[in-house]
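User: I would like to learn how to read a ligand site and a salt bridge. Can you take me through them?

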Amino acid sequence: MYPNDRTANWHSGQGLWDDVPAEDWNSWIWQLKNRLTRVEELERHMTLTPEERAGCRFANKRLALAITPYFFNLVDREDADCPIRRQVIPRGAEMERAPEELLDPVGEEETMPVRGVVHRYPDRVLFLVTDRCAAYCRYCTRSRLVSNAQDYNFHPEYESGLKYIAEHPEIRDVLLSGGDPLLLSDRKLAHILERLRAIPHVEFIRIGSRIPVFLPQRITPKLQEIFREFGPVWMSIHVNHPKECTQDLYAACERLSFAGVPLGNQSVLLRGINDDVETMRSLVHRLLMMRVRPYYLYQCDLITGSAHLRTDVKAGIEMIRGLRGHTTGYAIPQLVIDAPGGGGKIPINPDYVREITDTEVVMRNFEGREFRYPLVHARPAHAEHESPVLEEVFM
Ligand SMILES: *Cc1c(COP(=O)(O)O)cnc(C)c1O
Ligand code: SF4
C-alpha cells in the first residue's frame with residue numbers, strides 16, 4: 001500500500017497485457033522481448049497523431065523507438081499531450097534542427113581519453129558501459145550514440161576503461177552510465193563492480209539508470225545481492241513526472257534501498273511535461289516517499305531535435321523559487337545547466353542574495369521579504385579581544 005498520496009493513482013498493473021501470466025509480466029527478460037519498437041505495434045493499441053507517425057518513420061535514423069509494455073501502460077492513449085507519451089513516442093519535430101543545437105551538446109567527445117570514459121572533472125569519470133536502454137527518451141543527451149541509430153557504433157571497451165581508471169590515482173569517483181548499465185547481465189555488472197572495487201583509489205561508485213522507471217522488474221533479488229556484495233553503490237534514477245511513480249517503481253526503489261543503495265533522482269525540465277510548479281512539487285514529494293532524494297534538475301541540453309521540448313531557462317529558476325521554502329528542503333533538486341562545449345554542470349539559482357555591500361549581505365527569503373546579515377570583517381580587527389566572554393576567562 002502507498003503511504004499517503006492525495007492526488008493520483010499510483011497503481012499500474014498489467015493493463016493492456018492482462019492476459020499475460022504474471023510470471024512473464026514480472027520477468028524483465030519478457031518485458032524486453034515484448035517491447036514496442038515498430039509503428040505498427042503502437043498502432044495496434046492506439047491512434048497516433050500524424051506528427052507522431054512522422055516521428056516514428058524517422059526514429060530509426062535518429063534514436064530508436066522502444067517502449068517496455070510496463071511503461072506503455074502509463075501512456076494515455078486518448079491524450080496526445082500526455083506527459084508520458086511525449087517522453088517516449090517520437091514526433092516529427094525531432095527531425096528539425098535549430099541553429100543552436102548540437103550532436104554532442106555537452107562536449108563529451110572532447111574529454112574522452114579512451115572510448116567510453118569521459119574525464120571532465122579532475123577527480124571523477126563518467127564510464128559509458130553500454131549504448132542500450134530499456135526504452136528511449138526522445139530528448140536523450142546521448143542520442144548520438146545511444147541505440148546506435150546514427151551509426152556511432154559504440155562498443156563498450158571495459159578493459160581499456162578499467163585500465164585507464166586504474167592508472168589514474170586521481171580518480172576517486174566512477175559514474176557508470178551509458179545507455180543504461182542495468183541492462184547488462186548480472187554477471188557483467190558484478191564483474192565491472194568487482195573490478196572497480198579492487199582499485200584502491202576508487203572510493204565512490206555510482207550508477208545512472210532509468211531502469212527502475214522503465215523496467216522495475218529488473219531489480220531482482222540477485223541484483224540486490226550484487227549491490228550488497230560490491231556496495232556501497234549509489235544510484236541516480238531518472239523520473240520526470242509524478243505519473244511515473246507507480247507502485248512498481250515504489251517497490252523497485254524499496255528493493256534497491258534495502259540492498260543498501262542510496263537513491264537520488266535526476267529530472268530534465270521538459271516543456272509541457274513537468275515545467276509547472278504543481279507537477280514538480282507532486283513529483284518531488286512522491287520521490288521522498290519512495291526514499292529518493294531529488295538531486296539534479298537539468299535545463300534540457302541543446303540536443304539536435306529537442307526544441308519542442310526545451311523550456312526557457314527562466315522557467316527553471318521560477319520552478320526552484322516555487323519550491324524553496326515552500327516545501328521540504330530534501331525535496332529540492334539543484335537546477336543545473338550542463339554547459340555546451342564541455343563546461344560541466346553549472347548550478348543556476350534564484351537570486352536570494354540581493355547585494356553584498358562592504359558591511360553586510362542583503363538577502364530575500366522565500367516570501368520575498370528582505371533580511372540582512374553583517375559581514376565579519378566589518379568589525380574592527382581587535383574586536384575579539386574585547387569579547388566579554390574572553391575577558392572573563394583571562395581575568
Ligand atoms: C555529470 C557528470 C559527472 C558527475 O557529476 P556530479 O556533479 O559529481 O554528479 C561526472 N562526469 C561527467 C562527464 C558528467 O557529465
Ligand atoms: S534512459 Fe538515459 S541514456 Fe537512455 S535514452 Fe533515456 S536519457 Fe538517454
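User: Which residues are around ligand 1?
Analyst: A residue counts as near a molecule if one of its heavy atoms lies within 4 Å of it. Here the residues are Val118, Arg120, Tyr121, Arg124, Leu126, Leu175, Arg206, Tyr295, Tyr296 and Lys345. They divide into 6 nonpolar, no polar and 4 charged; Tyr counts as nonpolar, Lys and Arg as charged.

User: What should I know about the model?
Analyst: This is a predicted model: local features need pLDDT of at least 70, side-chain atom pairs need 80 or more, and totals for chains, interfaces and linings use all residues. Residues are numbered from 1 along each chain, chains are lettered from A and ligands numbered from 1 in written order, and side-chain values use heavy atoms, without hydrogens and water.

User: How far is an oxygen atom of ligand 1 from the side chain of arginine 206?
Analyst: An N or O atom of that side chain is 2.8 Å from a ligand oxygen. For arginine 124 the distance is also 2.8 Å. For a polar side-chain atom of tyrosine 296, it is 2.5 Å.

User: How many salt bridges are there?
Analyst: Side chains of opposite charge can pair when their charged atoms come close. The cut-off is a side-chain nitrogen of Lys or Arg within 4 Å of a carboxyl oxygen of Asp or Glu. The structure holds 33. One of them joins arginine 144 to glutamate 109, with the closest N and O atoms 2.7 Å apart. Arginine 144 sits in the loop between S2 and helix H7 (158–166), and glutamate 109 in the loop between helix H6 (85–88) and S1, so the pair ties together parts 35 residues apart in sequence.

Note on methods:
A polar contact is a pair of N or O atoms within 3.5 Å; within protein, one must be able to donate a hydrogen and the other to accept it, and residues adjacent in sequence count only if both atoms are side-chain atoms. Helices (H or I, at least four residues) and strands (E, at least two) are DSSP runs, numbered from the N terminus.
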